[in-house]
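Okay, thanks for coming, everyone. Let me put the structure up and walk you through how the chain is built and how some of its parts pack.

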Amino acid sequence: MTQQQSQQPVGPPATAANPSAGSVERNGINPVPDTERHGTPRSLFWPWAASGLSLLSIAYGVYLMGLGLSPWQTIVTGALGYVLSFLLVGLVSVAGARTGAPTMALGRAAFGTQGNKLPTVFSYVSNVGWETVLVALSSLGGSAILARVAPGTFARADGQTRTTAAQALCFVVTAVSVVVVGIFRHALIMKVQKYLTAAITALTVVYMVLMADRVDPSALGNGPSGSLGTCIGASCSR
């Protein structure tokens, strides 16, 4: 959903009206009419905060430490990577806010009609790839929870391993939810994302509390430090 959100222009005129969240989105690569440009920079907090306040960020930190960085280097390079990546997204979005056109359509002005095909392909592959990964993770995570909560129905004989039916059920629910919400207006995506961000943040905090007893604060100052090249690469990997 975030790929779709990043291509939607913000900065509404004074006469903009908030469309119904239940109506089907009819805008595609065309410039969004002024009467439908109701977003604000502040409203983008909810969709973008979800990507930074989730378990993926914790996994990202683990990955950086696996590159050989010390805990403090991991914190600094990780934060720098987030700031730089979102800064670039913000700069690219300025043209969309001024013209009302999606980012990939605006790319024609910079790369030409034929040249814009390459970044469009990369954007498509990235979008489909992220959707596939997130749906798969949601299916596996949801089925694991079902196996723990109702082992008699959703777990195999060992009482822990999830069944194929549990994975299929979670996959269908997740995939259908993503498709249905994506069909309806951007207003519905933003409304749903607000609740998802709150839920993801709460669950991340709960996870960190449960794992707190496994963290040794005294180890933050220990361990070898990575080279400057490793730090630069770690920041760019975000």
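So, from the N terminus on, the elements run α-α-α-α-α-α-α-α-α-α. That gives 10 helices and 0 strands in the protein chain; helices (H or I, at least four residues) and strands (E, at least two) are DSSP runs, numbered from the N terminus. Before I go on: this is a predicted model, with local features needing pLDDT of at least 70 and side-chain atom pairs counting only at pLDDT 80 or more, while totals for chains, interfaces and linings use all residues. Residues are numbered from 1 along each chain as its sequence is written, and side-chain values use heavy atoms, leaving out hydrogens and water.

Of the 238 residues, 26% count as buried, meaning under 20% relative accessible area with a 1.4 Å probe, protein chains only. Now take contacts, that is, heavy atoms within 4.5 Å. Among those between residues at least 6 apart in sequence, 72% join residues at least 24 apart.

Let's look at H4, residues 71-99, and H10, residues 228-236. They pack at an angle of about 40 degrees, with their axes 7 Å apart. The axes are lines fitted to C-alpha atoms, for helices over the stretch in contact, and angles run from 0 to 180 degrees between N-to-C directions. H4 and H10 are therefore oblique to each other; under 35 degrees would be roughly parallel, over 145 roughly antiparallel, 65 to 115 roughly perpendicular, and the rest is oblique. Who meets whom? On the H4 side we have Gln73, Thr77, Leu80 and Gly81, and on the H10 side Cys231, Ala234 and Ser235. Those residues divide into 3 nonpolar, 4 polar and no charged. Here Ala, Val, Leu, Ile, Met, Phe, Trp, Tyr, Cys and Pro are nonpolar, Asp, Glu, Lys and Arg charged, and the others, Gly among them, polar.

H4 has another partner, H2, residues 45-52. Their axes come within 12 Å and cross at roughly 150 degrees, which makes H2 roughly antiparallel to H4.

Last stop, the largest nonpolar core: 6 residues, namely Tyr60, Leu64, Leu69, Tyr82, Cys231 and Ala234. A core here is a set of buried Ala, Val, Leu, Ile, Met, Phe, Trp, Tyr and Cys residues joined through side-chain atoms within 4.5 Å. Helix H3 (55-66) and H10 are the elements that give two or more residues to this core.

Key:
Buried < 20%, exposed > 50% of the residue type's maximum accessible area, 1.4 Å probe, protein only.
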